[in-house]
Amino acid sequence: MGKVIVWNLVTLDGYFEGTKKWDLDFHNRAWGPELEALSLEFGDKAQALVFGRVTYEGMAAYWPTAEGEGKVKTYMNALPKIVASRTMEKADWNNSRVVRDAAAELRRLKGESEKNLYIFGSADLVASLLPENVVDEIMLCLVPVQLGDGTPFFKKAAAAKPFSLLEARPLSNGSVILRYALEVA
């Protein structure tokens, strides 16, 4: 059975973007051969990519015409994409489709394949899925920078959620990949 894996880059103070939408300059501090290799690994292991509406719109605006992204661009454009949205009627980016009930759809899909479903960004979507116990793993790249303000990745939760550390992998640029499994009672 595949897993639902959340992936994001976050700052030391917990932000996944700056004060403006798509303010991701801090990603440049973490990007390098190690994250590129990880991105290619995602492409090889992915059944589909999963996005909330806002993240989808940004990705769909960037990847079809991105320059110099090589095989990562190929994966991003070719892989099936699932957009969790209550307001979108259709998704035009190659191999994309809209679902209204993301939790039910992800449960169904992870039971149908050995490949993983990767949720990129999409903090609101992740916040809605964590209480549903749909997420199997949280994978973060902790970037050694303090933004001071921005959009926090983790939203307020109704209850505490325990996680178990699976891996802590330092990168040569000072960033750290952290992998956690959700503990389900």
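This is a predicted model: local features need pLDDT of at least 70, side-chain atom pairs count only at pLDDT 80 or more; totals for chains, interfaces and linings use all residues.
Visitor: Why is E105 called buried?
Guide: E105, which lies in helix α5 (residues 102–112), has a relative accessible area of 12%, and because buried means under 20%, E105 counts as buried.

Visitor: What makes the pair E105 and R97 a polar contact?
Guide: The side chains of E105 and R97 are joined at 2.5 Å, and a polar contact requires a pair of N or O atoms within 3.5 Å, so the pair qualifies. Leaving aside neighbours within four places in sequence, E105 is in contact with R97 and V99.

Visitor: How do you know that the buried residues of α5 are on the same side?
Guide: The buried residues in α5 are A102, A103, E105, L106, L109 and K110, and they cover an arc of only 160° around the axis, which puts them on the same side of the helix. The face turned away from that buried side carries the exposed residues G111 and E112.

Visitor: What covers the buried residues of α5?
Guide: The cover includes the strands β1 (4–11), β3 (46–52), β4 (81–84), β5 (96–99) and β6 (116–120), together with helix α6 (123–129).

Visitor: Why is the chain called as compact as a globular protein of its length?
Guide: The chain has six helices and ten strands, and its radius of gyration is 16 Å, close to the 16 Å that the globule rule gives for 185 residues, so the chain is as compact as a globular protein of that length. Buried residues make up 46% of the 185 residues.

Key:
Residues are numbered from 1 along each chain as its sequence is written. Side-chain values use heavy atoms; hydrogens and water are left out. Helices (H or I, at least four residues) and strands (E, at least two) are DSSP runs, numbered from the N terminus. Buried means under 20% relative accessible area, exposed over 50%, partly exposed in between (1.4 Å probe, protein chains only). A polar contact is a pair of N or O atoms within 3.5 Å; within protein, one must be able to donate a hydrogen and the other to accept it, and residues adjacent in sequence count only if both atoms are side-chain atoms. Contact means heavy atoms within 4.5 Å. The arc is that of the directions from the helix axis to the C-beta atoms. The radius of gyration is taken over C-alpha atoms; the globule rule is 2.2 Å times the number of residues to the power 0.38.
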